[in-house]
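Open the structure below and follow along step by step.

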Amino acid sequence: MPIAAPISSRTLAPHYEETLNRVLGRVLENPKLSIPGFVVICRRGASVYGPRAFGFADIERKRPMRPDAMMRMYSMTKVLTSTVALMLYEKGLFKLNDPVGKYLPSFDRDWTVVWEADEADAAPLGELRVHNMALGRSTTVRYAGAPARNLMRIKHLMTETSGIGYDSWSDIDEELGGTIGTRRAFQIANALRSRVHPTLYKSSSILGQDLTLAEFCDAIAEAGVLATEPGRFSYGLGAAVLGRVIEVVHAAHTGTPTKLSDIFQALLFDPLGMRDATFFLEDRDPRADRVPPLHGVRRNADGALAVVRARDSVPQTDPPYSNETDHVAGLRKQESGDTGTLMTVEDYGKFLDFLARGGVTEGDERLLGPVGVGMLTRAWLRGLDLDSGLARYFNCAGTLNATVPTSFQFGWAITRPTLDIEEYQPTEHPAACYWSGYANTSAHFFRDDDAWIVVAPQIMGHGASRSEAVESVLTRPAVAAFLDLWR
């Protein structure tokens, strides 16, 4: 499964800068949704575009967006975490099928899968209040549960099939009238975890926990509840737990306890020259001035969507909404391999270039084996249940997808191109790895064509239709324009 070496003869059309400037400039004028600003960088072979900034970083102060803006990458962190984990895997420090409890003792326990009780559930486990952040309303629900049948394994953390999902999937399911079929399981599991620690995880306060990564994972284990069976796509905190596994196996290997951010710095950021990449900025760090304010999409009374400051895009929350300041207002304790990184788009491009070179640095130092890069960019792990409403919502239901077979693996979506299809989207061809973060940042990596693109606004969707609006106005047109320029 080795990835091909960069093919320098593959380039973009001669007019690519003019074309991309025109297409991306029109985004700022789109009547469907007024996006304040964003940064784009892309490369194919020797053709490089950007980093180019468009619009404003701040809609209130009208500050121009900077090409070197420090972007909250959120879930685009996940593939970085899988990459570091695979570096340790190649040293023989763990197996993909190892139980998580082998490395995190608190996870060596019985787990309970929960859901909203109905008439068929003869003995509900209890009653509790769940909250939908996007809709701003709380509901009392009865919940039921059953012992998990499957053992949670390292591969489940890498593929977001651990069962430790985000609360927001039940929020979105409620918005969509139950079509995802979560049965409030994600809200219920998160509410039960919040009984262990009130701010363990909230969609309104992603990184604002006053817990170390070890304490964070132990609190998840203490609650002992899952939204799905391990092995079924659940998308949530799996990569955060994987980060703690990285800390544990790294300490066992080196004999020195090292926090996740320092491991990333030593194994990934420094070797790849990702100069600004970090998790949190300490007080008075000059890079804080380059972090754009976080925006969100709000639906107005007339039904129209509008971009506002993130804190104004959702009803008042408890604890107070903190996503806008979590990365920069003081040093936090919980370094999340799930949603935690902050960097420039150029930094993220250096990571993608590393994959395009087959796992070696610009200085020709090998960090990840060619088979490891192939795994990261081509492989689907066996034994996963992708036939779920949530996997179909994400268009990651494997061969069950209506278009190109796609599965979430190793921190991002991996497509398998095929000619046996009925239709396709331009962003799904040719063979690609891609994902996006909670602030609608996105990366598309075309592994066989020495090409990639990173599109980075800082706009939270907080709901299905709101995120879809950002993608339709910005992400999909940007990627389609990039692909149209291939020669």
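**Exercise 1.** In which strand does P51 lie?

*Solution.* Before we start, note that this is a predicted model, in which local features need pLDDT of at least 70, side-chain atom pairs count only at pLDDT 80 or more, and totals for chains, interfaces and linings use all residues. Residues are numbered from 1 along each chain as its sequence is written, and side-chain values use heavy atoms, with hydrogens and water left out.

Step 1: P51 belongs to strand 2, residues 47–58. Helices (H or I, at least four residues) and strands (E, at least two) are DSSP runs, numbered from the N terminus.
Step 2: look at the bond between G50 and P51, a cis peptide bond with omega of about 10°.

**Exercise 2.** Which residue is joined to P319 by a cis peptide bond, and where does P319 lie?

*Solution.* Step 1: the partner is D318, and omega is about 5°.
Step 1: P319 sits in the loop between strand 10 (305–309) and strand 11 (342–343).
Step 2: for another backbone detail, go to D364, a residue other than glycine with a positive phi near 70°. D364 is found in the loop between helix 9 and helix 10 (370–378).

**Exercise 3.** Describe how helix 2 packs with helix 9.

*Solution.* Two packed helices are described by the angle between their axes and the distance between the axes.
Step 1: the axes of helix 2 (residues 78–89) and helix 9 (residues 345–356) come within 12 Å and cross at roughly 45°. Axes are lines fitted to C-alpha atoms, for helices over the stretch in contact, and angles run from 0 to 180 degrees between N-to-C directions.
Step 2: helix 2 is therefore oblique to helix 9. (Angles under 35 degrees count as roughly parallel, over 145 as roughly antiparallel, 65 to 115 as roughly perpendicular and the rest as oblique.)
Step 3: find the residues that touch. Helix 2 brings V79, L80, T83 and M87, while helix 9 brings Y348, F351 and F354; contact means heavy atoms within 4.5 Å.
Step 4: sort this contact by class, which gives 6 nonpolar, 1 polar and no charged residues. Here Ala, Val, Leu, Ile, Met, Phe, Trp, Tyr, Cys and Pro count as nonpolar, Asp, Glu, Lys and Arg as charged, and the others, Gly among them, as polar.

**Exercise 4.** At what angle do helix 2 and helix 8 pack?

*Solution.* Step 1: the angle between helix 2 and helix 8 (residues 260–272) is about 80°, and their axes are 11 Å apart.
Step 1: helix 2 and helix 8 are therefore roughly perpendicular to each other.
Step 2: on the helix 2 side you will find L80, T81, T83, V84, M87 and L88, which meet I263, F264, L267 and L268 of helix 8.
Step 3: the classes in this contact are 8 nonpolar, 2 polar and no charged residues.

**Exercise 5.** How much space lies in the largest pocket, and which residues lie nearest its centre?

*Solution.* Step 1: the largest pocket holds about 1200 Å³ of space. On a 1 Å grid over the protein atoms alone, a pocket is an open set with protein on both sides within 12 Å along at least five of seven lines, and lining residues have an atom within 4 Å of a point. Grid points are joined across faces, edges and corners, and a volume is the space filled by probe spheres set on the points.
Step 1: of the 40 residues that line the largest pocket, Y393, F394, S436, S467 and E471 lie nearest its centre.
Step 2: helix 12 gives the largest share of this lining, 6 residues.
Step 3: by class, the lining of the largest pocket divides into 17 nonpolar, 17 polar and 6 charged residues.

How values were computed:
On a 1 Å grid over the protein atoms alone, a cavity is a set of points where a 1.4 Å probe fits but cannot get out, and a pocket is an open set with protein on both sides within 12 Å along at least five of seven lines; lining residues have an atom within 4 Å of a point.
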